[in-house]
Amino acid sequence: MREDDSRTDAVDARLAARLAELRAERGWSLGELSERCGVSRSTLSRAERAETSPTAAVLNRLCAVYGRTMSRLLSEVEAEPALLVRAAEQPVWEDRPAGFVRRSVSPPHAGLRGELVEGRLAAGADIAYDRPPVPGLEQHVWLLEGALEITAQDVQHRLAAGDCLRMRVWGPTRFRCAGTEGARYALAVVLP
């Protein structure tokens, strides 16, 4: 097993425990959580037992229910964040079936409203989020490599390398890598 795989597995295990903890804090059954987020009870159960890693879309729905950004949730499963985040210590999360890799370059930190994420989408990847984790979330997407289509508020934006899309997210969004090569982007996220 590669070191990256064991690090990803450890994050998945801590994420599963945190998801179970968040549900327990609210006193919700799996059925109640399923009704609130629109994800099947069996999928939620498997995610809380670390039998499967939730997809980006499922994690987004859970973040919306729990009132957290994805980065904030993922930061909660990491140790206390340091001021200097070395490349080798940046948490990486993967949605392998969707072709999405997310590196938390500058994870959320107490007292800071912004964070920086590196996203990688494989050629043909198409990820749709049905709602923002936090309404009004400010995002700046700077495309570093490849081509990317982002749809927000029913408007499609086509980005080429070097382009930056700035937006506040109020509704559904979609990230689509329509090219024959993958895309890599930097995402700055600022809480409202």
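Rolling a probe the size of a water molecule over the atoms shows where empty space is left.

A quick note before you click on. This is a predicted model, where local features need pLDDT of at least 70 and side-chain atom pairs count only at pLDDT 80 or more, while totals for chains, interfaces and linings use all residues. Residues are numbered from 1 along each chain as its sequence is written, and side-chain values use heavy atoms, with hydrogens and water left out.

**Stop 1: the cavity**

Select Met70, Arg102, Tyr129, Gln139 and Leu187; of the 23 lining residues, these lie nearest the centre of the largest cavity. Its volume is about 300 Å³, counted as the space filled by probe spheres set on the grid points, which are joined across faces, edges and corners. Now colour strand S3 (114-121), which gives the most to the lining, with four residues. Helices (H or I, at least four residues) and strands (E, at least two) are DSSP runs, numbered from the N terminus. Helix H5 (70-75) and strand S10 (183-190) are among the others that each supply at least two residues.

What kinds of residue line this cavity? They divide into 14 nonpolar, six polar and three charged. In this count, Ala, Val, Leu, Ile, Met, Phe, Trp, Tyr, Cys and Pro are nonpolar, Asp, Glu, Lys and Arg are charged, and the others, Gly among them, are polar.

**Stop 2: the core**

Next, select Leu121, Val141, Leu148 and Tyr185, which touch the most other members of the 45-residue largest nonpolar core. Such a core is a set of buried Ala, Val, Leu, Ile, Met, Phe, Trp, Tyr and Cys residues joined through side-chain atoms within 4.5 Å. Buried means under 20% relative accessible area, exposed over 50%, and partly exposed in between (1.4 Å probe, protein chains only). Helix H4 (residues 56-66) gives the most to this core, with six residues.

Zoom in on Val141: leaving aside neighbours within four places in sequence, its contacts (heavy atoms within 4.5 Å) include Leu148, Phe175, Tyr185 and Leu187.

**Stop 3: the cysteines**

How many disulfides are there? The count comes to zero, taking a disulfide as a pair of cysteine sulfur atoms within 2.5 Å. Pick Cys37: the nearest cysteine sulfur, that of Cys63, is 11 Å away. Cys37 is buried, with a relative accessible area of 1%. For Cys164, the nearest cysteine sulfur belongs to Cys177 and is 18 Å away. Cys164 is partly exposed, at 46%.

**Stop 4**

Ser34 sits in helix H2 (residues 30-37) and is buried, at 16%. Not counting residues up to four places away in sequence, Ser34 touches Val39, Ser40, Arg41 and Leu44.

Finish at Thr173 in strand S9. Is Thr173 buried or exposed? Thr173 is buried, with a relative accessible area of 8%. Among the residues Thr173 touches, beyond four places in sequence, are Tyr129 and Thr151.

Methods:
1 Å grid on protein atoms, 1.4 Å probe; cavity = no way out; pocket = protein on both sides within 12 Å on 5 of 7 lines; lining within 4 Å.
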